[in-house]
Amino acid sequence: MTPALRTVRLKVNGAAVEVSVEPRRLLADLLREDLGLLGTHLGCEHGVCGACTVLLDGEPVRSCLMLAVQTGGAEIATVESLAGDDGLHPLQEAFRAHHALQCGFCTAGFLLTAVHLIRQNPGIADEAEVREALSGNLCRCTGYQNIVDAVLAAAATMRSAL
Ligand code: FES
Ligand code: FES
């Protein structure tokens with residue numbers, strides 16, 4: 001028997017969204033399959049790799065571990081929210097400038113984790129702190145050094161714009 005659908009109202013990247021979903025529907029599937037936001041990637045699908053990270057009310061969450069019905073009333077930000085009319089987000093620019101991605105599969109998760117880190121700690125300039133903050137995101141390509149360099153560079157750029 002098909003489970004009864006539930007109506008969920010939330011905001012995604014600033015837009016009001018109302019969807020009917022099965023209670024078991026994952027937030028990642030809601031974003032990718034129902035809303036077509038394919039920037040959120042699914043790697044391990046059990047909370048290990050961080051590729052599926054999005055911001056929920058400003059906090060990073062694993063969208064592969066969260067049910068869509070848990071997000072009622074919340075504001076979700078995906079990687080699609082970062083670039084604006086005036087171009088890429090400073091973190092995206094820094095990732096490009098520092099060659100902080102190769103295949104790019106992990107990148108959206110890193111970017112959103114880093115957005116949260118810099119919002120929490122705009123003065124961050126310590127490599128060890130960045131590494132610790134990003135330790136829940138796995139990258140199979142880069143060796144991490146360029147990602148760390150990019151995050152530190154973006155934090156400095158964002159500070160200078162204040
Ligand atoms: S796909 Fe969600 S943590 Fe890996
Ligand atoms: S750039 Fe390929 S997994 Fe990170």
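Analyst: Happy to; here are a few labels, each set against its rule. This is a predicted model, in which local features need pLDDT of at least 70, side-chain atom pairs count only at pLDDT 80 or more, and totals for chains, interfaces and linings use all residues. Residues are numbered from 1 along each chain as its sequence is written, chains are lettered from A and ligands numbered from 1 in the order in which they are written, and side-chain values use heavy atoms, with hydrogens and water left out.

User: Why is the aromatic pair of F110 and Y144 called tilted?

Analyst: Rings of Phe, Tyr and Trp (its six-membered ring) pair if their centres lie within 6.5 Å; planes under 30 degrees apart count as stacked, over 60 as edge-to-face and the rest as tilted. The centres of F110 and Y144 are 6.3 Å apart and their planes make 55°, so the two rings pair and the label is tilted.

User: What makes F110 buried or exposed, and how does Y144 count?

Analyst: Buried means under 20% relative accessible area, exposed over 50%, and partly exposed in between (1.4 Å probe, protein chains only). F110 has 1%, so F110 is buried; Y144 has 28%, so Y144 is partly exposed.

User: What makes a set of residues a nonpolar core, and which members touch the most others in the largest one?

Analyst: Such a core is a set of buried Ala, Val, Leu, Ile, Met, Phe, Trp, Tyr and Cys residues joined through side-chain atoms within 4.5 Å. The largest has 28 residues, of which L91, F95, F110, V130, I147 and V151 touch the most other members. Helix 3 gives the largest share, eight residues.

User: Why do strand 1 and strand 2 count as paired?

Analyst: Two strands pair if DSSP finds at least two bridges between them. Seven bridges join strand 1 (residues 6-12) to strand 2, so these antiparallel strands pair. K11 stands opposite A16 in strand 2.

Conventions
Helices (H or I, at least four residues) and strands (E, at least two) are DSSP runs, numbered from the N terminus.
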